[in-house]
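Colleague: I am new to this structure, and I would like to understand the words used for it. Could you show it to me, and then let me ask about the terms?

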Amino acid sequence: MSAPTSGTTPVIDLRNVHVVHRLRTGKLFRPDRIRAVDGVDFTVHRGEVVGIVGESGCGKSTLARVMVGLQPPTSGMVLFNGAELGSHRHARKQLGRSVSVVFQDPATALNPRMVVRDQLLDPLNVHGIGSHAERLAKVKELLHLVGLPQSALDVLPRQISGGQRQRVAIARALVLDPDIIVADEPTSALDVSVRAQVLNLLADLKSTLGLGLVFISHDINTVRYVSDRIAVMLAGRIIETGPAQEIFDNPREAYTRKLLGATPSLL
Ligand SMILES: Nc1ncnc2c1ncn2[C@@H]1O[C@H](COP(=O)(O)OP(=O)(O)O)[C@@H](O)[C@H]1O
Ligand SMILES: [Mg+2]
C-alpha cells in the first residue's frame, strides 16, 4: 500500500487497535461483549482521502470515534501527528483542532438554539483565536466555502434544509483549520437529491484546502469517486485496503467483490 505521502508522519496512526463494547444487559447465553474493532492498523495523511466501507454494524462508527479521540481503545496504540494522545485537557484540545468530525445527522453537531453565526464562532471563542472582527471574517469566509449565502448567518438549524444543515456542520468542522476531517456517513441521512452536492463539497475541500478526509460509508459506490484509497471493513477488521482504482479493478477479497456487486445506490 503506497500513499502518495508515505514517508511523512501520518496525522492519524492506529496500531493494532481493539475496541470491546461491554453491554450492561449481560444475559445468560448472550454475549455481553462486542468486539467492535478487532485489530486495526490504519493511517491517514494530510491531503489524502481514505474511504472506509463495510456493512452496518461492522465497526465503522466505533473506529471513527477512536480516530477523533472520542473513544479510547481497549488495547492498541493511537498516535496523532506521531505522538500518543495524553489524557490531559491540553492534548485533547490540540487534537480537537487537528482532527474534526462530521456525523451522519447534522442535528447532533449543531445546537438547536444557536443561530449559524454563533455555532461557527463558538470554537473560535473557546480556543481564543483572533479578534472579534477576524472571527467574524473567518465565519463569513467559511459560509462562502461551503456554498451557503451570508443570509444563513442569522438562521437557526431548524429553519434550513437537511443538506444546508450538513453544510453548516461541515463549516463548523472546518473552523479550526483541521488537518483531517473524519466524515461518518455524512450523506446517508440526506435527501437523495442533495447527497451528490454534499459529497462534491467534501471532495472540493480536499483540493482547495489540501486537507485529509476519512470518508465512511456502508455503500462502496458512494466513496468510489472521492477516495484515493479504500479500506474494506468486515466484523471489526480491515480485510482489504489499497488505491481506490485497484480495489475496483482488481478486488482480492470475495467480500469486496460482493460489496461491488451490490446494486449501486443513488450515492
Ligand atoms: N456504545 C456501544 N455500546 C455497546 N455496543 C456498541 C456501542 N456502539 C456500537 N456498538 C456495537 O458495536 C458494533 C459496531 O457498531 P458501529 O461501530 O456503530 O458499526 P457501524 O458504524 O459500522 O454500523 C455493533 O454490533 C454495535 O451494536
Ligand atoms: Mg455507523
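Modeller: What follows is a short exchange on the terms and the values behind them.

Modeller: Please keep in mind that this is a predicted model, in which local features need pLDDT of at least 70 and side-chain atom pairs count only at pLDDT 80 or more, while totals for chains, interfaces and linings use all residues. Residues are numbered from 1 along each chain as its sequence is written, and chains are lettered from A and ligands numbered from 1 in the order in which they are written.

Colleague: How many helices and strands are there in the protein?

Modeller: The protein has ten helices and ten strands, where helices (H or I, at least four residues) and strands (E, at least two) are DSSP runs numbered from the N terminus.

Colleague: Why is one side of strand S2 and of strand S5 left without a neighbour in the sheet?

Modeller: The open sheet has four strands in the order S2-S1-S4-S5, with antiparallel pairing. Strand S2 (33-44) and strand S5 (83-84) stand at its edges with a single partner strand each, so one side of each has no neighbour in the sheet.

Colleague: What makes S1 and S2 a pair?

Modeller: Two strands pair if DSSP finds at least two bridges between them, and nine bridges join S1 (residues 12-22) to S2, the two running antiparallel. Aspartate 13, for example, stands opposite threonine 43 in S2.

Colleague: Why is glutamine 71 called partly exposed?

Modeller: A residue is buried if 20 or more other C-beta atoms, placed from the backbone, lie within 10 Å of its own, exposed if 12 or fewer, and partly exposed in between. Glutamine 71 has 19 other C-beta atoms within 10 Å, and is therefore partly exposed. Glutamine 71 lies in the loop between H1 and strand S4 (75-80).

Colleague: Which residues does glutamine 71 touch, not counting those up to four places away in sequence?

Modeller: Glutamine 71 touches Val19, Thr62, Arg65 and Val66, a contact being two residues whose C-beta atoms, placed from the backbone, lie within 7 Å.

Colleague: What makes leucine 156 partly exposed?

Modeller: Leucine 156, in the loop between helix H5 (132-145) and helix H6 (162-174), has 15 C-beta neighbours inside 10 Å and so counts as partly exposed. Leaving aside neighbours within four places in sequence, leucine 156 is in contact with Pro112 and Val115.

Colleague: Which helix gives the most to the shell around ligand 1?

Modeller: H1 gives the most, with three residues.
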